[in-house]
Amino acid sequence: MSLFEIRNASVRPGGATVLGNVSAQMTAGEIVTIVGPNGSGKSTLLRVLIGSLRPTRGPVIRRRGLRIGYVPQHLRIAPTLPMTVARLLRLRRSVGGQFRRVILARALLAQPRLLGLDEPAQGLDQPGTAAFQKQIGEVRDRTGCGILMVSHDRHMVMSASERVLCLNGHICCQGAPQKVASAPDCRALFGAGTQGTMALCTHHHDRTHAPAGPGQKAADQ
Ligand SMILES: Nc1ncnc2c1ncn2[C@@H]1O[C@H](COP(=O)(O)OP(=O)(O)OP(=O)(O)O)[C@@H](O)[C@H]1O
């Protein structure tokens, strides 16, 4: 059985469509990455799938009793935490990668069956990214949990994922990263400036893409 399934879900905070008619599912032990341009709704979709945001329309069905761990894109330290500002800054600066690993370890304490990671490689250098990527694979192999990530990092996408969801307000296409990486279609979506580094979609696009960007309406299907 799937860990979750959403069918034709839409998210319209304040009336503007951020996600339109999105359907997705994921099975246990899968590593899936959501990619897309800035503002294409990746974090929003992740939040819908892990249950921290209710879609405006469409059912979200989760496996009964599904334990979910989540590492958000922006880490907020509670202002009430007894820590000096100097110590906090030192922590963030000196151990950016380790800090992320600690947050991941904390998310794993609850032994989640689904782990949502929003930009887990953010702030990591290449060795840090490679180590993190290895850790993610080990976590999956050890626990069998499904891992759902949002990432802009090509190495994370290409090496760590088994399936890629390409998003631009709706799911444009999905598939194995190595299968979709060479597709020319997606260059238009990600822009020529990427020189194809994020050209991750090979599937036929059944609609033209509106330019993506913050504040712009996504195509609602
Ligand atoms: N609660 C909200 N109310 C209004 N607009 C929202 C809300 N949440 C998200 N948005 C808008 O939806 C769009 C998608 O946001 P989201 O953070 O999901 O995109 P993203 O693909 O993760 O972006 P990035 O790559 O920059 O992190 C943005 O234009 C954002 O401003």
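Val60 of β4 is the bridge partner of Ile6. This is a predicted model, in which local features need pLDDT of at least 70 and side-chain atom pairs count only at pLDDT 80 or more, while totals for chains, interfaces and linings use all residues. Residues are numbered from 1 along each chain as its sequence is written. The secondary structure of the chain comes to seven helices and nine strands; helices (H or I, at least four residues) and strands (E, at least two) are DSSP runs, numbered from the N terminus.

**Three-stranded sheet**

- The strand order of this open sheet is β2-β1-β4, with antiparallel pairing; two strands pair if DSSP finds at least two bridges between them.
- At its edges stand β2 (19-27) and β4 (60-62), each of which pairs on one side only.
- On average, neighbouring strands of this sheet are turned by 5° against each other, direction ignored.
- Three bridges join β1 (residues 2-11) to β4 in the antiparallel sense.

**Six-stranded sheet**

- A second open sheet has six strands in the order β5-β6-β7-β3-β8-β9, and its pairing is mixed.
- Its edge strands are β5 (68-71) and β9 (171-175), each pairing on one side only.
- Neighbouring strands are here turned by 15° against each other on average, direction ignored.
- Strands β6 (residues 114-118) and β7 (residues 146-150) pair in the parallel sense over five bridges, with Leu114 opposite Gly146 in β7.
- Strands of a sheet pair through backbone hydrogen bonds, either parallel or antiparallel.

**Helix α1**

- Helix α1 (residues 42-50) lies across β3 (31-35), β5, β6, β7 and β8 (163-167), and runs at about 160° to β6.
- The helix α1 also lies across β1, β2 and β4, at about 130° to β1.
- For these angles, axes are lines fitted to C-alpha atoms, for helices over the stretch in contact, and angles run from 0 to 180 degrees between N-to-C directions.
- Eight of the nine residues of α1 are buried, so the helix is largely enclosed by the rest of the structure; a residue is buried if 20 or more other C-beta atoms, placed from the backbone, lie within 10 Å of its own, exposed if 12 or fewer, and partly exposed in between.
- Among the buried residues of α1 are Lys42, Thr44 and Arg47.
- Just after α1, Gly51 takes a positive phi of about 95°.

- Of the 221 residues of the chain, 38% count as buried.
- Leaving aside neighbours within four places in sequence, Leu165 is in contact (C-beta atoms, placed from the backbone, within 7 Å) with Ala24, Val32, Ile34, Ile171 and Gln174.
- Tyr70, in strand β5, is partly exposed, with 18 other C-beta atoms within 10 Å.
- Beyond four places in sequence, Tyr70 is in contact with Ile50, Ser52, Ala107 and Gly116.

**Ligand shell**

- The ligand is surrounded by 13 residues, the closest being Pro13, Asn38, Lys42, Ser43 and Thr44; a residue is near a molecule if its C-beta atom, placed from the backbone, lies within 6 Å of it.
- The shell divides into three nonpolar, nine polar and one charged residue; Ala, Val, Leu, Ile, Met, Phe, Trp, Tyr, Cys and Pro count as nonpolar, Asp, Glu, Lys and Arg as charged, and the others, Gly among them, as polar.

Note on methods. Two residues are in contact if their C-beta atoms, placed from the backbone, lie within 7 Å.
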